[in-house]
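Student: Could you walk me through how to read a few features here, starting with an annotated span?

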Protein chains: 2
Amino acid sequence: MNVKDIIREIQANREEGIKDLYLVACGGSLVDMYLSEYFLKSEAKQMRVSLYTSNEFVHAVPKALGSHSLVVVCSHGGNTKESVEAAKTAQEHGAATITLTHNETGALISNSDYNILYKWGEETDVKDNPMAIIFNIAVEALHSTEGYDNYEKVMKGLEQVNTIIAKARVQVAERAKAFAEKYQHENMFYVLSSGASYGHAYGFSICSLMEMQWVHASAIHSGEYFHGPFEVTDKETPYILLMNEGRTRPLDERALTFLKQYGEKIEVVDCKELGINTIDDEVVEFFNPIVFYSILSVYRAELAEIRKHPLETRRYMGKVAY
Amino acid sequence: MNVKDIIREIQANREEGIKDLYLVACGGSLVDMYLSEYFLKSEAKQMRVSLYTSNEFVHAVPKALGSHSLVVVCSHGGNTKESVEAAKTAQEHGAATITLTHNETGALISNSDYNILYKWGEETDVKDNPMAIIFNIAVEALHSTEGYDNYEKVMKGLEQVNTIIAKARVQVAERAKAFAEKYQHENMFYVLSSGASYGHAYGFSICSLMEMQWVHASAIHSGEYFHGPFEVTDKETPYILLMNEGRTRPLDERALTFLKQYGEKIEVVDCKELGINTIDDEVVEFFNPIVFYSILSVYRAELAEIRKHPLETRRYMGKVAY
C-alpha cells in the first residue's frame with residue numbers, strides 16, 4: 001500500500017480525520033523526521049505537529065493523543081525498545097499508527113496499523129528512504145485535510161532529488177577526501193544549519209561524528225549562532241556549515257560571512273552549489289536535508305577511512321546493557 | 001496590566017480567539033521559552049505551539065500566522081534586531097503580539113500590542129522573570145481557550161518556586177565551588193536533560209558556557225543520549241546532568257546510571273534533591289527549568305570567578321559587526 005492510499009484510508013476511517021501528527025523515533029530515525037516537523041510548522045494552517053524522542057513520548061504522553069492523531073514511528077532495525085513502546089502507546093490511545101523499518105521481522109511491525117518496509121543503501125532511490133517517505137506522509141496528510149497548494153511541486157521534487165544527489169556525490173568526491181585529510185585529527189566539530197536542515201546538523205553531529213567516529217560534536221542553528229555560540233569561534237575550531245537553498249539561506253550566509261572573518265577551519269556544503277535548484281523555488285527548501293544526508297555520507301565515509309575507524313564500530317550500542 | 005488581563009483582552013477582541021501561540025526570540029531569551037513549548041505540546045488538546053529563533057520566523061514566516069495567532073517575543077535588551085523584526089512581522093500579519101524586555105526604551109516595545117517590562121537580578125522573585133512570565137502566558141492562553149485542569153496548581157507553583165530556589169542556592173553553594181575547582185581547566189562539556197528542562201541544557205551550553213566562558217559545549221536530550229551520543233562517553237569528558245522531577249525523570253535516571261558506569265566526570269544537579277517536591281506532583285515537572293536557571297547561575301558564577309573570566313566578557317557580541 002503506498003503512502004497516498006494509507007493516508008486516504010486513515011482519513012476515511014476516522015470521524016475527525018487527522019488533526020495532529022506525531023513524529024516519534026530515536027537518534028538517526030528521529031533525525032529523519034525534523035524535515036517533516038519543519039514542513040508542517042511552516043505550511044500547515046491547522047494541522048498540529050509534534051516531534052518526540054520515543055522515550056519522552058512514552059513517559060510524558062501528550063494529552064491530545066487520541067483517535068484524531070496520526071503517529072509515525074520509525075526504527076531502522078525495527079526493535080528499538082523505546083520506539084516499540086511508543087507505537088504501543090499510540091495504539092493504546094486510539095491513534096492511527098504508521099511505522100517504518102528496514103527489518104521485515106522487527107517488533108515494531110506488529111504494533112502499528114500500517115508498516116512501510118523501506119529500502120536502504122546507496123543503490124536505492126532516496127525517495128524510498130525514510131526521510132523522504134516520512135516527508136511524503138506529512139505532505140499527504142496535510143493535502144488530504146486542509147489542502148496544500150504546492151503538493152504537485154513537492155511530488156515532482158521527490159522524483160527529481162535522486163538525480164541531483166547522484167551528480168552531487170561525484171561533485172564532492174574529491175573535496176570529501178580533502179576534508180577527511182585535513183580534519184582527521186580534530187576531536188570536536190560544530191555543525192551549523194537552519195530551516196529544514198537544522199535536524200541534519202544535529203544528525204551529522206550525533207550519528208556520524210559522535211556515534212560512528214567517537215568525535216565530539218555540537219549542532220548549532222545558524223540563526224542562534226549569533227546569540228551566544230559564536231563567542232567560541234576561533235581559528236582552531238572546525239565548523240561544518242550546511243548551507244540551504246530557500247528561505248533560510250540568508251541565515252546560513254550570515255554565518256558564513258562571520259566564520260570567514262573569525263574562523264579558519266570551515267567546511268561548507270552548499271545545496272545551491274550542488275545543483276538543488278532544478279527543484280521548484282517554492283518547495284526547494286524542503287529538499288535540502290535529503291541532499292545533505294546523502295552528501296554528508298560521502299564525507300563521513302572518507303573520515304572513517306582515513307581515521308581507520310569503521311562506521312560500524314561501537315563500544316556501547318548493542319554491546320553493553322543500558 | 002497583568003498576564004491574565006492581557007490574555008482576557010486578546011481573547012475578547014479576536015473573533016476566533018487564540019488558536020496558535022508562537023514563541024519567538026534569540027539565544028538566552030529563546031531558552032526561556034522552551035518550557036512553554038514543552039508545556040503546550042504536552043497539555044494542550046487543541047492549541048498549536050511553535051518555537052522559532054527570530055530570524056527564521058522572519059525569513060520563513062509560517063503560513064498559519066494570522067489574526068488567531070498570539071506571538072510572544074522576548075529580548076532582554078529590547079533591541080535585538082531579529083526580534084524587533086519578528087514582532088513587526090507578527091503585527092503585519094495581524095497577530096496579537098506580547099513583547100517582554102528589561103529595557104523600558106527598547107525598540108521592541110513600539111512593535112507590540114502589549115509589553116511586559118520584567119524584573120531582573122538575584123533579588124527579584126523568579127515569577128517576575130521572563131521564563132515564568134512566558135509560562136504564565138502559555139498557561140493563561142490555554143486555560144482561557146480550552147480550559148486547563150491544573151491551572152490552580154500551576155498558579156500555586158509560581159508562588160512557591162522562589163522559596164524553593166532560595167533554599168537550593170544555599171544548598172549548592174559549596175558544591176558549586178567544588179565544581180568550579182574541579183572543572184576549571186576543561187574545555188568542553190556535555191549538558192544533558194529531558195522534558196521541560198531540555199531547553200535549559202541547551203541554554204546552559206550556549207549562554208553560560210559558550211557565550212560567557214568561551215568553553216565548548218553540546219546539549220543532549222537524556223533520551224537521545226542512548227541513540228548515538230553516548231558513544232563518546234569516557235572518563236575524560238565532563239557531563240552535567242540536569243535531573244528533573246516529574247514524568248521524564250526515568251530518562252535522566254537512566255543517563256545517570258550509564259554515566260556512573262562509563263564516565264567519571266559527572267556533575268549532577270537534581271531538582272528532587274533540591275526540594276522541588278513541595279510543588280504539586282501533577283505540575284512539578286514544569287518548574288524544573290525555572291529552578292535550574294537560578295541554580296546553574298550559581299555554578300557559572302563560581303566557574304567565572306575561578307577562571308578569572310567575568311560573565312560579561314565578550315569578544316564579538318556587541319563589539320564587532322555581524
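Tutor: Take residues 6-148 of chain A: the end C-alpha atoms lie 18 Å apart, and the span is 40% helix and 20% strand. Helices (H or I, at least four residues) and strands (E, at least two) are DSSP runs, numbered from the N terminus. The UniProt annotation "domain: SIS", from an unreviewed entry, covers this span; UniProt positions are given in the numbering used here, feature names are shortened, and annotations may be inferred rather than shown by experiment.

Student: What should I keep in mind about the model and its numbering?

Tutor: This is a predicted model, where local features need pLDDT of at least 70, side-chain atom pairs count only at pLDDT 80 or more, and totals for chains, interfaces and linings use all residues. Residues are numbered from 1 along each chain as its sequence is written, chains are lettered from A and ligands numbered from 1 in the order in which they are written, and side-chain values use heavy atoms, leaving out hydrogens and water.

Student: Which residues of helix α1 in chain B are buried?

Tutor: First, the general idea: an α-helix has 3.6 residues a turn, so residues three or four places apart point the same way. In α1 (residues 3-13) of chain B, the buried ones are B:Val3, B:Ile6, B:Ile7, B:Ile10 and B:Gln11. Seen down the axis, they fall within an arc of 130°, so they line one face of the helix; the arc is that of the directions from the helix axis to the C-beta atoms. Buried means under 20% relative accessible area, exposed over 50%, partly exposed in between (1.4 Å probe, protein chains only).

Student: How is chain B related to chain A?

Tutor: Superposing copies is the way in, by least squares on the C-alpha atoms of residues with pLDDT of at least 70 in both. Here a rotation of 180° with 0.0 Å of shift along its axis puts chain B on chain A (RMSD 0.0 Å). That is the relation of a two-fold axis. Within chain B, B:Ser218 comes closest to the rotation axis, at 2.4 Å (C-alpha). And 100% of the interface residues of chain B are also interface residues in chain A, so the copies meet through the same surface.

Conventions: Contact means heavy atoms within 4.5 Å.
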